[in-house]
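Subject: Structure for you to look at

Hi,

Here is the structure I promised to pass on. Please open it next to this email; my notes follow below.

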Amino acid sequence: IRYETNYERFHVNAEKIFRVVIDFEPVGGSKTISTYPALARSLKEDFSQITKSTKIKKETCVITYNKSGFNENNVYYVEQDFLDMFTYPLLSGDSESALLEPNSVLFTREMAEKYFSGEDPTGKIVEISTWPYTRKFSYKITGVMKDIPENSHLNFDFLVSYSSYYSVYRNGKAHVEDSWNYFDPNAYIMLDPGTDPGIIEQRFSTFLEKYKSRESVIDKKLVLQPVLDINIQGNIGSEESNNSLANIYLFSTISILIILIASFNYMNLSTASSTKRFKEIGIRKIVGAKRVQLFRQFLGESIIFSFFAFGISLILVKVFLLFFNRLLDKEISLDISVLAPIILYLVGITLLISLISGIYPALLLSSFRPVNIIKGSGGTYRGSFNLKNLLVVFQFIISIALIICTFIIRDQLIFLKHKNLGYSREQIITLHSMDSNLNRNYEPFFNELVEHYSINGTAAGLDIPTTIRRRAGIKRGDKPDEQSLGTYYTYVSHNYLELYEVEFQKGRNFPIELSTDMENSIIINETTAKRLGLKDPVGKEVIFDRKDYTVIGVVKDFNFRPLFEEIRPLVIIPHYKNSIVEYFSIKIDTDDISGTISYIKDKWHEFSPEYPFEYSFLDEKIDAAYKSEQRMGKSFDYLTIIATFIACTGLLGLASFSVEQKKKEIGIRKVLGSSIAGVIDLIAREFLVLVFVSNVIAWPLAWLFADNWLQQFAYQTDLSFSLFILSGSVVLILALLTVSYQSIKAALLNPIDSINYE
């Protein structure tokens, strides 16, 4: 909990830093963290309360030193104010000027070690090629930073001066720095201490009035998101999945409930086994012990047990920490710097647990009267048995609810994995190409690939279906004055839709040879046609990104966004000469996968010798979009096993005590002819009724949680009643096996021994 809620708190100015979010909701859209290139600078100029601002642009680059190059996915273009706003200490170099000059770059310590093997790289020159330009530009390393803490949403390996982005990446077109016509970088600002961000937000509408002549600004809304909230309130637009406050609360609550299950077991077993201590209590009271002394004794035992468990738990945490980090994809450590700030909380929690679990048994045991104990009636306390039943029901409510939720989460993940997305995703290898020469002239490369017997098709595109993220505006050609519809778009080769088996509703695909007039042809999806009000779109003129196009086809809707979202409007543009692509898609057979990949790699090095070869399977990329939900499913698996195991362990203890109390009765019943099944029925009936009651209560609780959790998905599995029946049956069977074990042991005893027990 502390790890998740301490994201970005290592920054000195964390409480004053905000990310600017553009809200499309007034025009029926969503939010995005991509902003206008001119926004960050303009905000700083127009608002005196904004002391610092920076643009941040994440890019994939090839970084080369001594002819050895690597694809790097975490390269951030930032402005000098970035180092003043955020606290990223430098091991070498001057933070006041490290990113002032163009072609400056900072390495993290990890990357410095990767490229320079322990040497200080400050002052050395590396070459960086940023897609889509093949030319490599020289950059001077101006310093080395400490490695970035894991609990930060800015997981960069390199910082590059933003002035390089305009002078190099945009081929010298520095005027784009003042653009309000498209979305590109993220924008961060820092406020004066004491400034109310709400007041700044209220003035944003007036601020945007200055630029109302820009169509892209109309009906947009600016929102400030505290940097401290990004980890638990992120997931905006194409942003990678973060955690959520709801998940933190959820797993914290489950953890507390599991601790309560164990505490209730202690209460039940302490009170149930109290008859074994009647003589001790009676003698102590006869020789003068007061009730308060006995109370302190029994409560003290609970405290000792709890702190003994606390010590063992620290050892177990250390042992299982590597597994825990792998499960959650975190890098949480257990050292004095982590334990010291929370040790008082841990001690307090341990003391609280010991009080919760020990106070009732202590009160009960210290209340027995010596005369009743001597008479043999010391154990007749009806209220404790009612409490015991309530605690058993509580334990199994939690276990059953967790099992139901685990089944539903698994069912949803299976549904996501196998849902028909509207395109083929099996046996497709994707290559992310940084070589713009190859990207513009890939046909010879493809011609070589299709010669291999296991390669069934090739296609090129600005994106693969899982990475379509660029957006622009589209409107009908016959209604040029209407507000543009925000739409996603991508460039594709003529065989792209064929390779992915995307079906057409109307019209046709792009031709193999694109004539000049076809460069202004586009294909749209069904959602775009509906949102534009075009009943027969084929042949209609549209204005997309301020250019005139003709619709030649309409494809059936397919899910190019994660299934959290409904299908969005999409425009598909043909890849023509001098336009750019970024991904190659290759469909292969399953007969010789390793041999086919080896062949593709050889051809890659033949056509693009200066760029590293990296590939991935499309279905793996699709599954990766739900890794947060997969981690949640695994976590639920383990929590469910733990909770159910603890509940059944408590039930085993109670059944054992129940058998002990009824030993003489069991012996008499056997003498009178009772069968083993009859003995099991005698012992098990009471507990199985409690499990049945637990099911009745747990089912609606689990349904409420599952229904709420599924709401985050635009596409959901059905809440099948069979999962509830299955979960209840699993717990009922476990309870029956647990109780039957003790019952069978008692039933197999010689009845003479049972009757002569005392």
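In which loop does Glu501 lie? Glu501 sits in the loop between helix 18 (496-499) and strand 16 (504-507). Keep in mind that this is a predicted model.

Backbone first. Glu501 is not a glycine, yet it has a positive phi of about 55°. Most residues other than glycine have a negative phi. Asp329 is also worth a look. Its phi is positive, at about 60°, and Asp329 is not a glycine either. You will find Asp329 in the loop between helix 11 and helix 12 (336-339).

Next, the helix packing. Helix 10 (residues 278-286) packs with helix 11 (residues 291-328) at an angle of about 145°. The axes of these two helices are 11 Å apart. Helix 10 passes helix 11 in a right-handed crossing. On the helix 10 side, Glu280, Ile281, Arg284 and Lys285 make the contact. Helix 11 brings Leu294, Gln297 and Phe298. By type, the contact residues divide into three nonpolar, one polar and three charged.

Last, the surface. A nonpolar patch there has about 1000 Å² of accessible area in total. Its residues are Phe308, Ile312, Ile315, Leu316, Val319, Phe320, Phe323, Tyr638, Ile641 and Ile642. Helix 11 and helix 22 (627-661) each supply at least two residues of the patch. Which helix gives the most to the patch? Helix 11 does, with seven residues. Phe320 of the patch lies in helix 11.

Best wishes

Note on methods. Residues numbered from 1 in each chain as written. Predicted model: local features only at pLDDT ≥ 70, side-chain atom pairs only at ≥ 80, totals over all residues. Heavy atoms only, no water. Axes fitted to C-alpha atoms, helices over the stretch in contact; angles between N-to-C directions. Helix = DSSP H or I, 4+ residues; strand = E, 2+ residues; numbered from the N terminus. Left-handed = near helix turned anticlockwise from the far one by under 90°. Contact = heavy atoms within 4.5 Å. Nonpolar A, V, L, I, M, F, W, Y, C, P; charged D, E, K, R; others polar. Patch = residues over 30% accessible without salt bridge, like charges linked within 9 Å, V, L, I, M, F, W, Y side chains within 5 Å. Areas by Shrake-Rupley, 256 points an atom, 1.4 Å probe, with all protein chains shown as cover. Salt bridge = Lys/Arg side-chain N within 4 Å of Asp/Glu carboxyl O.
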